[in-house]
Amino acid sequence: LDSPSASPALVHGLVDVFVRWGCKTRSIQVEEGGYRTMVFRVACPRRVYLADVHVDLQTVCHEHDAEPILRWDDDLAKPKNHSLVVFGLSHVLVPDSIYDILSRTAGREPPELGPTWTAEATDEKMRLQLAALEGLPAEIVRRAAENLEYTPGARLVMASLKRMGFKTALITGSGVGLIAE
């Protein structure tokens, strides 16, 4: 709402329109400038159309020499600060195992490992992977990190979640901090 003077009668009239439409006023912000700008954050039921509310708001505003400006704001539907999404690195954000990527970067063939169904098999698989990377120079890790290819859509998903207000985290058992960063 832009108005040269935001009177109590104007504010009351606007809130009354929202109440008639079943909307709940979440907050009202007043910003001073050439015009006094008032920002109403309102949650309306799904059956309420923005155009219908706008007509009623215009009627009230024009009586007070004000102009309503409406837009949908999905911010109320965004997650709160405590919303966290955690991704795995290997086979999630990166289409392969970090161990295999490091082996290939070093010019070594990754060890052939079958599926792991038990804790013992998983431990054995990790032992073989670590043995294959023993003595690997730090330069190989840096090169692997620089050339890391992401799973198709991974960057888009991460950027979208961050833009929506989610915090994101990465979990990896690779122990290679440079790649995780």
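Q: Where is leucine 84 found?
A: Leucine 84 is found in strand 4, residues 84–88. The model is a predicted one.

Q: Why is leucine 84 called exposed?
A: Its relative accessible area is 52%. Exposed means over 50%, so leucine 84 is exposed.

Q: What makes the pair arginine 20 and aspartate 16 a salt bridge?
A: Their side chains meet at 2.9 Å, N to O. The cut-off is 4 Å between a side-chain nitrogen of Lys or Arg and a carboxyl oxygen of Asp or Glu, so the pair qualifies.

Q: Why are arginine 20 and aspartate 16 said to be separated by about one helical turn?
A: Because they are 4 residues apart in helix 1, residues 8–20.

Q: Arginine 20 and aspartate 16: what are they called, exposed or partly exposed?
A: Arginine 20 has 52% relative accessibility and counts as exposed.

Q: Why does aspartate 96 count as buried?
A: Its relative accessibility is 19%, and buried means under 20%, so aspartate 96 is buried. The side chain of aspartate 96 meets that of arginine 104 in a salt bridge of 2.7 Å, N to O. Arginine 104, with a relative accessible area of 43%, is partly exposed.

Q: What makes glutamate 146 and arginine 142 a salt bridge?
A: The closest N and O atoms are 2.3 Å apart; the limit is 4 Å, so the pair counts as a salt bridge. Both residues lie in helix 5, 4 residues apart. Glutamate 146 is exposed at 52%, whereas arginine 142 is partly exposed at 34%.

Q: Why is helix 3 described as largely enclosed by the rest of the structure?
A: Because 6 of the 8 residues of helix 3, residues 98–105, are buried. They are Ile98, Tyr99, Asp100, Ile101, Leu102 and Ser103.

Q: Which residues touch the most other members of the largest nonpolar core?
A: Among its 17 residues, these are Leu93, Val94, Ile98, Ile101, Leu102 and Leu136. Helix 3 gives this core its largest share, 4 residues. A second, separate core has 13 residues, including Leu14 and Phe18.

Definitions and conventions
Residues numbered from 1 in each chain as written. Predicted model: local features only at pLDDT ≥ 70, side-chain atom pairs only at ≥ 80, totals over all residues. Heavy atoms only, no water. Buried < 20%, exposed > 50% of the residue type's maximum accessible area, 1.4 Å probe, protein only. Helix = DSSP H or I, 4+ residues; strand = E, 2+ residues; numbered from the N terminus. Core = buried A, V, L, I, M, F, W, Y, C linked by side-chain atoms within 4.5 Å.
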